[in-house]
Every structure is written in C-alpha cells, then in structure tokens.
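Open the model in your viewer and get ready to select. This tour goes stop by stop.

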There are 2 protein chains.
Amino acid sequence: MTPERLAILDDAITRRQPDLTVLMDNVNKPRNVAAVIRTCDAVGISKVHCVYPHDRMSSFGGTAMGADRYVEKQLHDDALNAVSQLQAEGKQVLAAHLSDSAVDFRDIDYTKPTCIVLGQEKRGVPEATLAAVDQHIIIPMLGLTESLNVSVAAALILFEAQRQRMRAGMYTSGSKMSDEERRRLLFCWTQ
Amino acid sequence: MTPERLAILDDAITRRQPDLTVLMDNVNKPRNVAAVIRTCDAVGISKVHCVYPHDRMSSFGGTAMGADRYVEKQLHDDALNAVSQLQAEGKQVLAAHLSDSAVDFRDIDYTKPTCIVLGQEKRGVPEATLAAVDQHIIIPMLGLTESLNVSVAAALILFEAQRQRMRAGMYTSGSKMSDEERRRLLFCWTQ
Ligand SMILES: C[S@@+](CC[C@H](N)C(=O)[O-])C[C@H]1O[C@@H](n2cnc3c(N)ncnc32)[C@H](O)[C@@H]1O
Ligand SMILES: C[S@@+](CC[C@H](N)C(=O)[O-])C[C@H]1O[C@@H](n2cnc3c(N)ncnc32)[C@H](O)[C@@H]1O
C-alpha cells in the first residue's frame, strides 16, 4: 500500500453516496449481479442489497473486475423486510418495472435518498414488492424487444442519478460518511 | 401474422434511425454482443457493424431476447475500412474510450448522423482505430474500477442519443427509410 494508493482510496470514499443504493430482488445470474456491482462502484454506491432465498453470492463471475471488493453486499431473506428497512432509513424506493403506470426514469429526482429495486431476468420484480415500493419507473423503449438486460437497466437509471448528483455537487461536497464509517471502509479496502 | 402484429412491426420501422449505429471492434464475448444488440433495438438502431477476424456471429447467447432478428449485422474484416465507410456515409465516428483527451459523452450532439465504436473487453479499442475516428468519448466514473462492462457503456451512450433524438422529435417525424428499404425490412421481419 503506497501513499498514492491510499489517497486514491480515500478520495473514492469521499465521493461515496451512502444515500444511494440498489435492491436486487432475486436477480439470478451471477454475471448480472457482478455487472450491476461494477456499475454501482462507478456511481459511488458503497453498499447494495440482495434478496436471495439462499446465499448464492459466493459464485461471482469475473466481470465485477474487482468492484465487489469495494461494494458491500447486504443479503436479505425477504424483500418486504428489505423495502421496509430502506424506507425507514428515509429512502424513496423505486422499482424498475415495465408497467403502464410507471413514471419515466428521467423524471425522478435522484438527489433525494434513493433505492432502485431491480427484478429477476425472467419474471421481473415480484408482485408483493411492486405493491410495497413508492413508485415504479420505466426506461422508454422504441424497438420490438420487451425489456432490457437487468444490468443495462440498472446502469441507465444509476447514471441518470450520477448525472443529477454531479450537477448538484454531491460528489465534491465532502464525505457523507461518519469518521468511523470512513475509517472502517478504508481498513476493509486496504486488507 | 395478425394485422395487429404487422402494425407493431411497421410502427417500429417508422421509429428506426438509419443514421445511428455502432461498430463493435473485436468485442469478444457473444453475450456482450447480444446485450449490445438488444439495446440497439430499444433505441431504434436497424443495423450494427462488427469487426471480427473470423465469423463468430453464429454463437449468440440467449440474451439478445430475439433482438438479433430485428437488427442487421454487417461484418467487416478490417476496422479501418469500416470507419472510412461510415465516415463516407456522413457519420461522425466516435470511439468510446477511456483517455484523458476524451470528451464527456453527454457533451456530444447525437442528433447528427453518428456511429459509436466499442472496444474489446480486455484491450479496448485498438490504437489504429482510435487514430482514425473523429473523437473519443468517455463516461465519467467516480469509483475505483477502471472501466464499465462494454454493453453497459454502449447502453449509456445510446440512451443519451435516444434522449436527444426523442426531444428533437426524431422518433415521431415519420420514417427515415426509403419505401424500398421499408418494404425489405418488413419482409425480413415477417419471415
Ligand atoms: C429482463 S427484465 C424482466 C422482464 C420481465 N419479463 C418483466 O416483464 O418484468 C429484468 C429487470 O430489468 C429491469 N428492466 C429491464 N428493462 C426495463 C425497462 N425498460 N424499464 C425499467 N426496468 C427495466 C427491471 O427491473 C426488470 O425486472
Ligand atoms: C471493458 S472496456 C475495455 C477496458 C480496456 N482495459 C481499456 O482501457 O480500454 C470495453 C469497452 O467498453 C467501453 N467503455 C467501458 N467503460 C467506458 C467508459 N467509462 N467510457 C467510455 N467507454 C467505456 C470502451 O469502448 C471499451 O473499449
């Protein structure tokens, strides 16, 4: 660990956005989970939430490119508990979902504390979760296929959040973490 | 083929953007090629260009979700010839590339005829191609990993193009294809 590397890690922590996250509700393919996590790192997300019936998180592919080292995963047995927890933290919980009542993803204010719920490759976000979240958001599609790859959908929404948060100065306004949390992360990342 | 299905196909053709495309320069993994093509369909791209030493296009994964049926693939042996061809068609050719001289991808006018060059998973866009294109564009990243998945990078750029073209009314201003091209596509899609 050189002083230069330490400075790079510390700067990345300063840009971390603890009030932005995703909840993957039974996203199945490890390569999709890995691609989402790689994107999360790029927009400054420090922790993601995953609902899994079993712990399958061990079987990551290579495509996270080391990002899984820098993004924490909190596992949940139950999506509804996870949604409640995130709402109790003051986050708006938005399900990425292809429905007629969904709002265009570009019309959302992502500078607010936000969690994006992503659904399973085949079946999408489960009904019960859809009923529990605050709003559904949709990425408008102009072709013939019905949906985007889940990691692509995640990236489009998260980079819209990144765009809004960059414009609002939220990556340059100093760390949003407590000193304790900051030191804990730095310790984890340098092990 | 019901009349309803025919109308859906015909509407999709009306939204097609023949002056927007991508050139995949040795993108290796079939699942990445498939994910890019699925996204291309969603933003109304009717034809993509692929540079391959050999024809590997046969080995698609399932993740194009049928999009490869609706998006034509033109194969090229040589990237430089492909870039010349696209420039001769009047397109600005932009390489998605992580370099210091690259322009932020959101500062580009994508309502102009445009081709986005995407590079290989490991090595990126080759030097010779980088020298031949009109400009390099970059997606700003705020974390610790060095690059995004190629299909994620493609989606972010293409949906920025979609956003600009939607705003400019380019999806609702009537077909940009000749009647002949329109009929040819409809014929292909209904076989
Ligand atoms: C492959 S899609 C699931 C498709 C599923 N058949 C459905 O209708 O929900 C996987 C996940 O990606 C997200 N997704 C894909 N395309 C989307 C779009 N255009 N708008 C919003 N979310 C999308 C959603 O979270 C979805 O649950
Ligand atoms: C995994 S990246 C290649 C990384 C390679 N080591 C490099 O430095 O070019 C594969 C392709 O995705 C695109 N890409 C990935 N992240 C990008 C970013 N942040 N900005 C622009 N293009 C990106 C580029 O076309 C790149 O060639």
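Which chains do the residues that surround ligand 1 come from? They come from chains A and B, so the site is shared between chains.

Before going on, two notes. This is a predicted model, where local features need pLDDT of at least 70 and side-chain atom pairs count only at pLDDT 80 or more, while totals for chains, interfaces and linings use all residues. Residues are numbered from 1 along each chain as its sequence is written, chains are lettered from A and ligands numbered from 1 in the order in which they are written, and side-chain values use heavy atoms, without hydrogens and water.

**Stop 1: the shell.** Select ligand 1 and the residues around it (a heavy atom within 4 Å). There are 19 of them, and Ala96(A), Gly119(A), Lys122(A), Ile139(A) and Leu148(A) are the closest. Color the shell by type: 11 are nonpolar, 5 polar and 3 charged. Here Gly counts as polar.

**Stop 2: polar contacts.** Look for pairs of N or O atoms within 3.5 Å. Pick Gly119(A): one of its backbone N or O atoms lies 3.1 Å from an oxygen atom of ligand 1. Next, Lys122(A) has a polar backbone atom 3.1 Å from a nitrogen atom of the ligand. For Leu148(A), a polar backbone atom is 3.0 Å from a ligand nitrogen atom.

**Stop 3: the cover.** On its own, ligand 1 has 570 Å² of accessible area (Shrake-Rupley method, 1.4 Å probe). The protein covers 87% of that.

**Stop 4: both chains.** A turn of 180 degrees and a shift of 0.0 Å along the axis give an RMSD of 0.0 Å. That is the relation of a two-fold axis.

Notes
Polar contact = N/O pair within 3.5 Å; in protein donor to acceptor, adjacent residues only side chain to side chain. Least-squares fit on C-alpha atoms with pLDDT ≥ 70 in both.
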